[in-house]
Amino acid sequence: MARQEDQYDVIVVGAGAAGLSAAIMLGRQKRRVLVVSLKNRRNSPADRVNNVPFAHGTPPAEVYQKMESDAASYGVVFVWDEVLTARSTTDSVTVETIGSGSFTGDRLLLATGPVDDLPEWIPEGQWGKTVFDCPYCHTLEHDGANFVTVGTGEETLQHALLCRQYSDRLTAVVSDLAAEKSPLAERLKAAGGEVVADTVRSATTLQSGELLLVTEAGLEITAGAVVLDTAIQRPNQLLPKALGLELNPYGFPRTTLFGQTSHPRVYNTGKSNPSSPYFAWTGAAASGLNAARKISEDLAFG
Ligand SMILES: Cc1cc2nc3c(=O)[nH]c(=O)nc-3n(C[C@H](O)[C@H](O)[C@H](O)COP(=O)(O)OP(=O)(O)OC[C@H]3O[C@@H](n4cnc5c(N)ncnc54)[C@H](O)[C@@H]3O)c2cc1C
């Protein structure tokens, strides 16, 4: 059980792919580790995880439960609560939760993931099922469906081209008029896809399980799978701002490949900016391991 008077070697905020991977490695290093997190992970709405070694087809909740029990077996302690703010002194870092008090550690690892700002038109229960933002993780599960990619510009056309092999009927709805005339748009049309310069206004779930999308211009498109662009993701800046961390041009904390931030006691890991070398769930987990390694070394070497 977590006690506020305990001094932890490492406090990890966020029990997703990155935070749990880091916590397990640090626990195995016999570090005193506290994980503070909410239960909802980015991929929680999906039925299964894909492209994750040894876990294809497993419900996300099962994967996290196994990782949590692995971490606990190495002495990692959990507090399921929201962290509201964080502050540091010269020799410690403290996080404050909504209902469980505050906790102090030698090092702090932020693994809070991005925030998804979902379009209001997505019908209840469809995010992570029929609507998603990645052309790799859940596309095969919709093989043969009508694919519609939705977004502002070039990325939406790229997503459509990446989904070409799954669908005979493929439509890219782009709100940026310039994108409609770009070489990628020509390539998509040559591959049998359709490019619509418009914006989705609403969507309803049909009895078939498909979505009926209606655009601002009144066009109706039936979709068995909808792929949004990654513009829906924004950095989770709550704790980086509270700690005064330097941010990169995408608004995520500026870090080294090992998660070191501009603050010597604070590390940041997990899903972050589009130019990150880490990709999808396994990439987030790998970045967690890299940060855990650096924290271990910093604790050991001073
Ligand atoms: C619908 C969907 C399906 C996906 N499916 C796949 C897939 O099949 N395969 C794949 O490889 N990738 C998939 N992804 C991508 C994958 O989920 C992410 O790359 C991965 O979850 C990122 O891990 P993370 O640890 O950085 O963040 P997260 O998994 O989001 O973990 C962050 C954790 O921090 C917690 N948190 C945030 N702020 C606070 C706070 N202030 N206080 C306390 N806790 C906080 C959150 O609640 C969460 O538990 C999917 C993404 C989505 C959106």
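**View 1. The protein chain splits into domain 1 (7-114 + 235-301) and domain 2 (131-231).** These bounds come from an automatic or database domain assignment. Taken over C-alpha atoms, the centres of domain 1 and domain 2 are 33 Å apart. Five residues from domain 1 and four residues from domain 2 make the contact, where two residues count as in contact if their C-beta atoms, placed from the backbone, lie within 7 Å. On the domain 1 side that touches domain 2 there are three nonpolar, two polar and no charged residues. Here Ala, Val, Leu, Ile, Met, Phe, Trp, Tyr, Cys and Pro count as nonpolar, Asp, Glu, Lys and Arg as charged, and the others, Gly among them, as polar.

A quick note on the model: it's predicted, so local features need pLDDT of at least 70 and side-chain atom pairs count only at pLDDT 80 or more, while totals for chains, interfaces and linings use all residues. Numbering starts from 1 along each chain as its sequence is written.

**View 2. The ligand has 36 residues around it, with G14, G16, G113, G270 and W281 coming nearest.** "Near" means a C-beta atom, placed from the backbone, within 6 Å. Sorted by class, this shell holds 18 nonpolar, 14 polar and four charged residues. Two or more shell residues each come from α1 (17-28), β2 (33-37) and α7 (280-301); α7 gives the largest share, four residues. Helices (H or I, at least four residues) and strands (E, at least two) are DSSP runs, numbered from the N terminus.

**View 3. Five strands form an open sheet in the order β8-β15-β9-β10-β11, with parallel pairing.** Strands pair if DSSP finds at least two bridges between them. At the edges sit β8 (131-132) and β11 (194-197), each pairing on one side only. Two parallel bridges link β8 to β15 (residues 225-228), and V131 has V226 in β15 as its bridge partner.
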